[in-house]
Amino acid sequence: MTDNRSDGPAADEQSSQGGGPGSVTIAYIAESAGVSIPTVSKVINGRSGVSAQTRARVEELVTQYGYRKPSGNRSNIVELVFRELESMWAVEIIRGVERVARKNRVGVMVSEFGLRDSVGMSIDDTVGRRPQCVLSVAQLAQAERDQLTAKGIPFVVFDPIDELPDDVPFVGATNWRGGQAATRHLIELGHRRIAMISGPDHPFCRARLAGYLSALAEAELPADPGLIVRTLLTREHGYAAARDLLSRTDRPSAIFTANDLQALGVYQAAREAGLSIPQDLSVVGFDDLPVVAWVDPPLTTVHQPLNEMAAAATELALALGRGEEITQVGLEIATTLTVRESTAPPKR
């Protein structure tokens, strides 16, 4: 941890003044100025969003302590951080990162932090390696972001699952439009009882559900709360939700799921109920994992361009690592609907 005691700055980053008060960190300047670490980072990097008075106070301390941004002492790698590497789409992300890293002649290191309660690698290990930049998949806690900022290590959050402050760089997908496109497709086929198996209360799940509701409203179809199930983003939970939906006398003729794994669970529940896809039930997923093109029947799904998203996130992270001025902190890449054989008009 950074030493922020009042007897002087912590000795982990070099001061530009050999006769100054020793080494100083962004965290120490932030504490001295009474502001947050991201605010000091904005001032040092010449970014907007800081009042003139605060900027002047921070700049005065930067000059007083002779602070300068670390340069030349970071390793020539991009560190790609996953919470869990079991995800079926991890390979697509790694492929996109590696493509851009190879073009820029930098290496890629893949780390798995584990979930909050697990034992394993942590942000301390990443900070110790001093990568050129960090690309974090799904989430990066406030304390972790502050720690990276304090050490001058830029980062980008890939496909965030939580709300982020406005100044945190991220790359995501157009989840709302994806949910809308999937539901519109089913409506255009003639379906009127369309269920949605949604996910946890994450921004991207809420956006996909909002797209579904928007398409229903656009078609003047009522949104039946009984046809909306919120559950986890796994095949097992998709199966359990679909089994309940399909056991009803007024079962839906189509189901849209928040991801492809849930859709695979719907396939299993439909088979057990003696229903044929798409003759008795149409199914649409979200993500377009490579495996869903090979299931029987091949799944209609919203294509989330993971490879392109990962490439864009890596380009953004490397630009930040080079100290370049970034005009767009957040980037959303368009989703598209991939129509295969799991959707058809409902039985009359």
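Me: What should I know about the model before reading it?
Reply: It is predicted, so local features need pLDDT of at least 70 and side-chain atom pairs pLDDT 80 or more, while totals for chains, interfaces and linings use all residues. Residues are numbered from 1 along each chain as its sequence is written, and side-chain values use heavy atoms, without hydrogens and water.

Me: Which residues have the most contacts inside the largest nonpolar core?
Reply: A nonpolar core is a set of buried Ala, Val, Leu, Ile, Met, Phe, Trp, Tyr and Cys residues joined through side-chain atoms within 4.5 Å. Buried means under 20% relative accessible area, exposed over 50%, and partly exposed in between (1.4 Å probe, protein chains only). Here the largest core has 41 residues, and Tyr212, Ile255, Phe256 and Val283 have the most contacts inside it. Helix H10 (260-272) and strand S6 (194-198) are among the elements giving it two or more residues; helices (H or I, at least four residues) and strands (E, at least two) are DSSP runs numbered from the N terminus. H10 provides the largest share, six residues.

Me: How do the side chains of S6 point?
Reply: In a regular strand the side chains alternate between the two faces of the sheet. In S6, Ile194, Met196 and Ser198 point one way, Ala195 and Ile197 the other, and all are buried.

Me: In what sense do S6 and S8 pair?
Reply: Two strands pair if DSSP finds at least two bridges between them. S6 and S8 pair in the parallel sense over four bridges, and Ala195 has Ile255 as its bridge partner in S8.
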